[in-house]
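Keep the structure open as you read.

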There are 4 protein chains.
Amino acid sequence: MDGYGYSRQIQFANQEDKQEFSKFPTKTGRRSLSRSISQSSTDSYSSAASYTDSSDDETSPREKTQVNSKGSSDFCVKNIKQAEFGRREIEIAEQDMSALISLRKRAQGEKPLAGAKVVGCTHITAQTAVLIETLVALGAQCRWTACNIYSTQNEVAAALAEIGVAVFAWKGESEDDFWWCIDRCVNTEGWQANMILDDGGDLTHWVYKKYPSVFKKVQGIVEESVTGVHRLYQLSKAGKLCVPAMNVNDSVTKQKFDNLYCCRESILDGLKRTTDVMFGGKQVVVCGYGEVGKGCCSALKALGAIVCVTEIDPICALQACMDGFKVVKLNEVVRHMDMVITCTGNKNVVTREQLDRMKNGCIVCNMGHSNTEIDVASLRTPELTWERVRSQVDHIIWPDGKRVILLAEGRLLNLSCSTVPSFVLSITATTQALALIELYNAPEGRYRQDVYLLPKKMDEYVASLHLPNFDAHLTELSDEQAKYMGLNKNGPFKPNYYRY
Amino acid sequence: MDGYGYSRQIQFANQEDKQEFSKFPTKTGRRSLSRSISQSSTDSYSSAASYTDSSDDETSPREKTQVNSKGSSDFCVKNIKQAEFGRREIEIAEQDMSALISLRKRAQGEKPLAGAKVVGCTHITAQTAVLIETLVALGAQCRWTACNIYSTQNEVAAALAEIGVAVFAWKGESEDDFWWCIDRCVNTEGWQANMILDDGGDLTHWVYKKYPSVFKKVQGIVEESVTGVHRLYQLSKAGKLCVPAMNVNDSVTKQKFDNLYCCRESILDGLKRTTDVMFGGKQVVVCGYGEVGKGCCSALKALGAIVCVTEIDPICALQACMDGFKVVKLNEVVRHMDMVITCTGNKNVVTREQLDRMKNGCIVCNMGHSNTEIDVASLRTPELTWERVRSQVDHIIWPDGKRVILLAEGRLLNLSCSTVPSFVLSITATTQALALIELYNAPEGRYRQDVYLLPKKMDEYVASLHLPNFDAHLTELSDEQAKYMGLNKNGPFKPNYYRY
Amino acid sequence: MDGYGYSRQIQFANQEDKQEFSKFPTKTGRRSLSRSISQSSTDSYSSAASYTDSSDDETSPREKTQVNSKGSSDFCVKNIKQAEFGRREIEIAEQDMSALISLRKRAQGEKPLAGAKVVGCTHITAQTAVLIETLVALGAQCRWTACNIYSTQNEVAAALAEIGVAVFAWKGESEDDFWWCIDRCVNTEGWQANMILDDGGDLTHWVYKKYPSVFKKVQGIVEESVTGVHRLYQLSKAGKLCVPAMNVNDSVTKQKFDNLYCCRESILDGLKRTTDVMFGGKQVVVCGYGEVGKGCCSALKALGAIVCVTEIDPICALQACMDGFKVVKLNEVVRHMDMVITCTGNKNVVTREQLDRMKNGCIVCNMGHSNTEIDVASLRTPELTWERVRSQVDHIIWPDGKRVILLAEGRLLNLSCSTVPSFVLSITATTQALALIELYNAPEGRYRQDVYLLPKKMDEYVASLHLPNFDAHLTELSDEQAKYMGLNKNGPFKPNYYRY
Amino acid sequence: MDGYGYSRQIQFANQEDKQEFSKFPTKTGRRSLSRSISQSSTDSYSSAASYTDSSDDETSPREKTQVNSKGSSDFCVKNIKQAEFGRREIEIAEQDMSALISLRKRAQGEKPLAGAKVVGCTHITAQTAVLIETLVALGAQCRWTACNIYSTQNEVAAALAEIGVAVFAWKGESEDDFWWCIDRCVNTEGWQANMILDDGGDLTHWVYKKYPSVFKKVQGIVEESVTGVHRLYQLSKAGKLCVPAMNVNDSVTKQKFDNLYCCRESILDGLKRTTDVMFGGKQVVVCGYGEVGKGCCSALKALGAIVCVTEIDPICALQACMDGFKVVKLNEVVRHMDMVITCTGNKNVVTREQLDRMKNGCIVCNMGHSNTEIDVASLRTPELTWERVRSQVDHIIWPDGKRVILLAEGRLLNLSCSTVPSFVLSITATTQALALIELYNAPEGRYRQDVYLLPKKMDEYVASLHLPNFDAHLTELSDEQAKYMGLNKNGPFKPNYYRY
């Protein structure tokens with residue numbers, strides 16, 4: 001069971017492997033889904049068809065023979081003929097990802113990835129395509145596969161295959177397909193990966209297990225998900241990580257956008273798309289006042305909701321107070337709330353007992369973590385009736401007629417019912433590209449066999465590449481000022497512990 | 001051409017009629033569309049199918065014979081068998097319209113509409129059904145038809161027909177159907193309307209023209225749209241209005257909700273659903289700082305956009321300044337904007353010349369008035385390419401590759417790409433019900449053959465019926481305080497000119 | 001007892017007069033106090049000395065002989081030698097009142113007040129001086145006196161006297177002085193007033209009573225206070241108003257600035273200056289959600305306070321809900337509040353019983369109306385101890401040690417403990433000047449013997465004169481657009497009932 | 001020259017000492033000034049008199065013999081007879097510092113400071129008195145002196161002396177007095193300090209230099225200022241710190257309150273008290289978007305100002321964008337601004353050239369750091385006229401008559417012209433008390449001869465002690481949840497790198 005709300009049984013050769021790579025639901029991965037995907041299917045990923053895909057072709061891609069216009073067949077996608085449509089999607093995505101384009105231009109002359117052989121495993125979307133094509137422009141050779149059996153945009157995969165990227169991915173893969181695709185990426189004659197870009201750790205695991213000799217020669221791993229990072233730390237702790245790895249999940253810029261800024265918008269969007277609720281005057285309790293909770297509270301308050309907060313951490317609780325939110329226990333207020341929103345990362349934050357006490361029409365949803373926060377299982381009892389009124393919207397009906405409105409069955413609202421702006425994906429992708437460049441070009445000895453955070457200076461560089469989107473003009477330190485502050489004029493500008 | 005962005009040629013017997021009832025695009029009508037409708041079809045109303053309607057039945061309802069479970073066939077709907085589904089939709093709507101339910105309960109004993117024979121012409125949605133069933137509960141007999149050929153929820157119409165309301169309406173009527181339905185409502189044996197509830201003025205016109213003897217005996221007309229009100233004032237000015245009429249469009253409560261509060265939410269919703277744009281840091285110009293503009297600016301600013309305003313009225317401009325928005329001319333800023341939003345009620349507020357100067361990726365949309373504000377026609381020239389990228393979203397592509405993103409072809413974003421919360425519809429419906437009660441029960445002489453605003457006390461009553469939704473507790477004046485203020489303890493509490 | 005919180009017994013010749021002019025506390029007048037005054041004396045007006053006034057001279061101005069540099073002695077001020085200091089104050093005020101300066105320039109060529117003989121009675125402050133000198137620049141002759149025995153800035157009066165304005169006013173007049181000054185303004189040889197500019201109605205009353213023949217020949221009265229306007233309406237109702245009068249108190253621009261915009265800032269300022277309280281996280285109840293309450297709530301919420309609202313009017317209550325404030329009864333919450341703020345215009349909104357239930361440290365203050373809202377009298381009982389801890393701050397101590405912090409003894413916080421920005425005074429002054437011009441130049445028959453509101457077009461003109469302060473650029477209607485909207489390109493742009 | 005804007009030449013025995021303890025202006029110290037002080041003297045500290053102090057007694061306290069009511073004369077204050085007044089001030093302060101009172105109660109039974117002999121050097125204000133009396137209640141013996149020659153509240157010092165605390169401090173000490181007082185605290189027969197509580201490092205230095213044998217036996221130093229912490233780190237680096245020291249300046253809670261929350265309020269307060277400016281519609285540039293800048297921007301935006309930001313750090317710049325502030329270079333906008341506010345911590349952020357280009361009436365002030373940010377020195381040239389219009393307000397007048405309004409001569413606005421709420425001081429004081437308890441009770445070996453940050457758990461404890469002020473109710477983790485999260489139920493709840 002992962003963060004996507006469906007079960008994916010990965011078959012490991014033996015139990016020990018499974019232990020070593022034991023997964024827990026990811027917080028980050030979930031936010032990396034693109035606009036077009038969640039748009040294409042508000043019915044969640046379990047819906048098999050993409051909105052541009054007539055899907056009448058039931059033949060497995062593995063059984064088809066396809067050739068791109070240059071004669072290559074080193075790829076496996078749903079339908080190479082969709083390439084043109086996918087190209088348009090990529091072009092549209094490029095407009096919101098000017099930071100990557102700009103990186104492409106700045107680094108293109110020097111080809112900082114010349115010689116890099118990158119094997120990648122991510123969601124395959126228009127935004128990822130912009131990343132991949134940036135890597136190619138910087139000199140890399142790329143082979144790519146999907147980190148999720150449902151999230152591939154077939155048209156985009158076709159467009160990548162058409163320009164010669166070796167892509168192995170389609171929407172609706174089986175588990176067997178999933179590992180087959182990964183293997184086809186890694187195991188190819190006359191080509192040996194020297195860089196890994198991973199989202200979730202499955203690719204890394206596969207190389208580590210199946211191709212240990214390849215693994216040992218890899219120059220660096222870039223991992224963006226909480227899960228994958230966790231697995232890398234476990235490997236490192238166990239003394240089995242023989243390659244430097246970069247944790248790009250915890251870079252400042254990415255974190256702020258994934259959590260605070262993105263959720264500030266997606267809480268409104270997710271609630272509107274599913275329930276059309278009016279925010280003005282609504283009484284809302286937000287459980288948890290971390291970055292996600294802060295974003296939710298700020299947006300709801302701004303739209304006229306009356307918001308209170310639950311917290312376990314007194315420092316965050318004090319912040320909530322100073323920001324104008326009453327800090328309460330859920331039990332004290334649950335009876336009067338119009339909406340209950342969880343953002344804690346914890347489990348059973350909303351219990352059956354509390355659901356029993358909610359008033360008629362109360363909306364319950366989860367912005368925080370996997371599907372554990374609301375005890376949805378407790379609602380699957382005979383005396384309660386479930387009525388699906390829309391995609392992602394269930395009415396749970398009590399014997400007395402009271403209805404509680406549960407969104408996305410307690411899974412992440414922002415994953416299931418909203419979208420992630422290209423701008424946020426651009427920040428992630430730029431961070432990944434810079435991490436690859438850093439690891440690939442770092443002088444001998446800078447990185448050892450460990451997991452690293454992106455250097456602050458590169459984090460600042462990612463931010464600076466995105467400033468032109470806002471026509472923002474940075475001030476430069478004068479020599480005199482830099483000296484006074486004890487700073488290099490080009491940064492980094494803050495100590496590592498700075499809180500932003 | 002009306003506010004819905006499609007052409008509906010209404011055939012009048014002669015040109016004079018047409019003059020008399022010359023329509024202009026309505027501001028209000030548009031906002032009365034319900035949740036379920038726009039949800040059902042983000043492809044706009046031109047899509048023929050409702051989301052619950054398999055639509056395989058192509059027979060015209062006029063040609064079918066249908067009977068409800070009580071044996072009546074005095075109705076004409078798409079499919080009476082959809083009644084159960086429609087009933088559930090009505091029940092869901094009731095949960096958000098507790099003010100009407102409360103009115104139902106308070107007035108039910110005295111049946112203030114006993115004897116009233118109401119003929120109505122409105123959008124036929126779950127929310128309207130709650131209104132109609134309230135009128136019935138208060139003693140009225142009702143016959144109903146649709147004010148718009150596309151906006152009927154067939155299932156709801158079936159549910160109304162099932163409980164005995166004489167409904168004549170379906171989604172996708174022809175012009176001929178439209179007038180046929182109106183006529184069937186009015187012209188029935190043994191039943192003569194004594195009250196009219198209208199939205200747009202078509203029903204009123206039909207009765208006035210075709211059944212002058214009925215018209216003369218009507219006790220009152222309640223009209224909710226700008227268009228219909230305009231037509232009534234024209235009739236009154238021409239000395240031809242022989243019936244007292246109530247303009248419920250301009251009641252305070254309704255206005256504030258239709259414009260300020262509703263648009264504050266729908267601007268965000270409409271933009272997200274169509275473009276998934278991130279608001280943070282975006283440069284936005286809002287043309288017009290009336291109630292709609294104020295709502296848009298407030299919401300966008302709260303979500304981190306950098307907003308400036310254009311205005312023609314120095315008082316509104318000064319308000320914009322005090323609210324923290326720079327007041328500019330569109331020409332001064334248009335080159336740098338990420339979004340241009342019109343809320344003026346005027347025409348050609350955004351010209352081709354300005355569209356030419358916009359930057360790549362600029363989003364242009366209209367929240368104000370019909371489809372006149374953006375000069376969309378000017379964009380239909382050979383050198384520009386239109387590319388439909390999603391429903392309601394066109395990319396207009398200049399020869400140099402620049403794309404401007406036009407939403408809803410310049411029609412109202414909040415109509416086309418967002419929804420109206422039930423709560424707002426509840427306010428409108430409650431206002432309509434109270435206006436009917438007032439006109440039907442007013443003592444001889446209180447109202448003459450003229451157009452009236454809802455008495456402030458009733459406006460206050462509508463508001464008070466909605467306060468329980470927010471668990472809001474009103475304070476009562478003591479006798480001493482009432483005397484000090486020179487007020488009646490039960491209101492009205494403000495002079496007519498009070499600005500709120 | 002007037003709005004300034006001290007008693008001023010005005011001796012009328014007979015009781016009937018008193019009835020006719022019975023005063024009630026003004027809402028507007030109070031806000032017209034200038035920056036420098038309240039700055040000069042946070043000890044309230046009862047402090048005799050101005051901050052620039054050494055006050056060692058105890059001789060009454062009436063007993064002194066003073067001559068200005070041009071040899072004139074037609075004035076009576078504290079000390080003509082302070083003129084230079086006063087001139088500087090006026091120059092500083094001019095910087096914030098560029099609208100008046102601009103009006104001066106625009107109208108100077110045509111001298112629209114040539115021939116006008118204006119007798120004025122207002123607070124005499126630097127801001128008023130800018131107004132007076134504008135009238136002079138536009139052609140008027142002016143004689144001036146103070147409408148309040150404490151509010152004169154002596155230096156400013158001196159500066160006016162120095163340039164030849166006949167000023168009769170000083171800080172700390174006796175009641176006898178007050179009427180003597182008024183009389184000296186009106187009753188002078190060879191000069192007969194034809195225009196009256198009044199603030200409170202005392203001057204108007206004096207002319208009406210003492211110089212009926214002058215009164216009859218006056219061309220117009222401009223009155224800015226609630227009290228004065230009320231007295232004019234009474235006179236009109238009694239059929240005794242033989243002169244057209246302009247109520248400038250109720251012009252849109254003035255109202256919004258006097259109430260919403262000004263109080264939004266002064267609530268914070270008044271609380272900080274008196275108590276240094278931190279707003280973040282404080283629980284506050286604001287009684288009344290009119291313009292003043294809206295301003296207070298908006299500011300406090302923005303600074304992190306948790307605000308709830310009491311209301312008697314369901315429409316305003318609904319607005320409070322939609323703006324995100326819980327609507328409660330005072331009794332329900334009073335026990336938990338950190339601050340109680342009244343903005344109702346009513347009496348005994350906060351009772352002794354409620355004061356008894358407040359928690360230790362609760363701050364109580366009044367932003368609304370005179371000194372009636374908090375039942376301060378009920379606190380003057382033996383078991384309670386009053387402790388003055390600072391100017392304008394009393395601790396009321398209950399027998400158990402509980403302290404309630406009462407500000408300004410329940411008088412207006414914004415009068416007593418804050419200041420009015422010059423910008424707001426500029427709007428008032430510009431409105432007054434335009435009203436004088438309008439009445440003085442109106443063609444025969446436009447105004448009869450009644451009380452009028454400022455024409456909307458002039459209200460818009462006042463606003464437009466203030467836009468340059470914000471570098472705001474108005475958009476002009478094209479001919480085509482004006483026609484489409486049915487508007488004159490120069491305004492007025494809104495119907496009279498428009499709510500802004 | 002330190003952060004207080006006046007020069008204090010501290011005479012060191014030799015130059016080497018001076019090097020070792022070289023001071024730089026403090027950011028933190030400045031914010032620790034209490035309500036009453038800055039209230040007492042808006043004329044800045046250079047004014048000698050306290051507002052309750054008639055000051056007619058010119059005898060130096062050192063020359064007086066005073067005895068408290070218990071017969072002790074082990075103190076030196078201005079006037080022991082002011083004790084009663086000071087006691088009242090302390091009682092008032094206690095009301096806002098309930099966290100300390102609560103700590104007093106919780107720890108009183110166990111007397112965690114029994115045996116502690118604390119020598120302290122801080123501002124001596126009512127708030128500090130609450131801290132000192134808390135330490136006494138917890139078992140400590142205290143001797144105290146002032147860290148600033150102007151900041152002592154004489155009445156409070158008297159009240160402390162009256163209850164037996166050995167206080168040596170008065171307002172307006174000479175440099176010689178300053179060191180004499182410190183010495184009297186440390187050097188007393190039969191009493192040897194074992195704990196130091198310092199603010200600025202002067203006491204620490206004195207003990208280190210003059211009483212090395214005492215210094216070696218000290219169990220711990222608690223230091224709250226940036227300066228003092230800097231000096232400790234230098235000492236540590238030089239290997240001369242033979243005592244564990246606690247840096248309480250950088251605890252999360254203190255930082256957030258000192259910077260973000262406090263400045264959010266004091267920017268408004270400081271501007272209003274000095275200039276009475278209206279915020280609505282004003283164009284403001286805030287230089288620097290750290291915590292202080294974020295607080296200023298948020299408050300000004302909320303009050304209707306139009307705010308833009310300058311930044312050198314791309315990450316902070318991106319945050320500014322997402323929060324809705326245009327990021328500009330100062331040169332691009334300086335000509336149009338109504339206010340320029342510096343919050344950078346840097347020098348010469350506003351240069352003479354930029355001051356030359358400002359428009360008439362522009363307000364310039366510094367919220368950031370010492371007095372370096374605005375190049376005030378550059379304004380002291382013959383062609384410019386300085387005019388002091390109020391305390392802390394200078395008009396700088398250019399030859400063409402343009403005036404720039406400079407506040408506090410470029411020193412810290414929040415120090416000079418605003419106040420620090422007791423609540424913020426409470427957080428600091430509680431942090432100090434807990435740090436003393438921790439160091440005094442830590443088991444052997446927990447702390448070595450180094451500088452430590454307050455353990456996160458204690459930071460959380462400080463926050464939790466302040467939650468009752470807001471009636472905030474923390475949620476407790478269940479066992480199951482704590483296990484799921486991998487947390488101890490009592491905290492700490494976050495990793496050290498958490499950004500809040």
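Q: How many helices and strands are there in chain A?
A: This is a predicted model: local features need pLDDT of at least 70, side-chain atom pairs count only at pLDDT 80 or more, and totals for chains, interfaces and linings use all residues. Residues are numbered from 1 along each chain as its sequence is written, while chains are lettered from A and ligands numbered from 1 in the order in which they are written. Helices (H or I, at least four residues) and strands (E, at least two) are DSSP runs, numbered from the N terminus. Chain A has 19 helices and 15 strands.

Q: What percentage of the residues of chain A count as buried?
A: A residue is buried if 20 or more other C-beta atoms lie within 10 Å of its own, exposed if 12 or fewer, and partly exposed in between; the C-beta atoms are placed from the backbone. Chain A holds 500 residues. Of these, the buried share is 61%.

Q: Which share of the contacts in chain A with a separation of 6 or more comes from residues 24 or more positions apart?
A: Two residues are in contact if their C-beta atoms, placed from the backbone, lie within 7 Å. Counting contacts with a separation of 6 or more, residues 24 or more positions apart account for 73%.

Q: What distance separates the centres of the two domains, domain 1 and domain 2, of chain A?
A: The bounds come from an automatic or database domain assignment. Domain 1 covers 33-218 and domain 2 covers 262-416. Taken over C-alpha atoms, their centres are separated by 36 Å.

Q: How far apart are the end C-alpha atoms of residues 259-420 of chain A?
A: UniProt, in an unreviewed entry, lists this span as "domain: S-adenosyl-L-homocysteine hydrolase NAD binding". UniProt positions follow the numbering used here, feature names are shortened, and annotations may be inferred rather than shown by experiment. The span is 32% helix and 23% strand. Its end C-alpha atoms lie apart by 11 Å.

Q: Is A:Lys254 buried or exposed?
A: The unreviewed UniProt entry lists A:Lys254 under "binding site", along with A:Thr125, A:Asp199, A:Glu224 and A:Asp258. A:Lys254 sits in helix H11 of chain A. Beyond its neighbours within four places in sequence, its contacts are A:Val248, A:Asn249, A:Ile427, A:Thr428 and A:Thr431. Because A:Lys254 has 24 C-beta neighbours inside 10 Å, it counts as buried.

Q: How many C-beta neighbours inside 10 Å does A:Asp258 have?
A: A:Asp258 is also placed in helix H11 of chain A. The residue counts as buried because its C-beta neighbours inside 10 Å number 25.

Q: In E5(A), which residue is the bridge partner of A:Leu197?
A: Two strands pair if DSSP finds at least two bridges between them. Strand E4 (residues 195-198) of chain A runs parallel to E5(A), joined by four bridges. In E5(A), the partner of A:Leu197 is A:Val222.

Q: Which residue in E6(A) stands opposite A:Glu223?
A: Strand E5 (residues 220-223) of chain A is covered on both faces: A:Gly220 and A:Val222 on one side, and A:Ile221 and A:Glu223 on the other, are all buried. E5(A) also pairs with strand E6 (residues 245-247) of chain A, in the parallel sense over three bridges. Opposite A:Glu223 stands A:Asn247.

Q: Which element gives the most to the side of chain A that touches chain D?
A: Here 44 residues of chain A are in contact with 44 residues of chain D. Elements giving two or more residues include helix H11 (252-275), helix H13 (314-322) and helix H18 (456-466) of chain A. With seven residues, the one that gives the most is H13(A).

Q: Which residue in E13(B) is the bridge partner of B:Glu387?
A: An open sheet of eight strands in chain B, with mixed pairing, has the order E9-E8-E7-E10-E11-E14-E13-E12. Its edge strands, each pairing on one side only, are strand E9 (326-327) and strand E12 (385-390) of chain B. Five bridges join E12(B) to the antiparallel strand E13 (residues 393-397) of chain B. In E13(B), the partner of B:Glu387 is B:His395.
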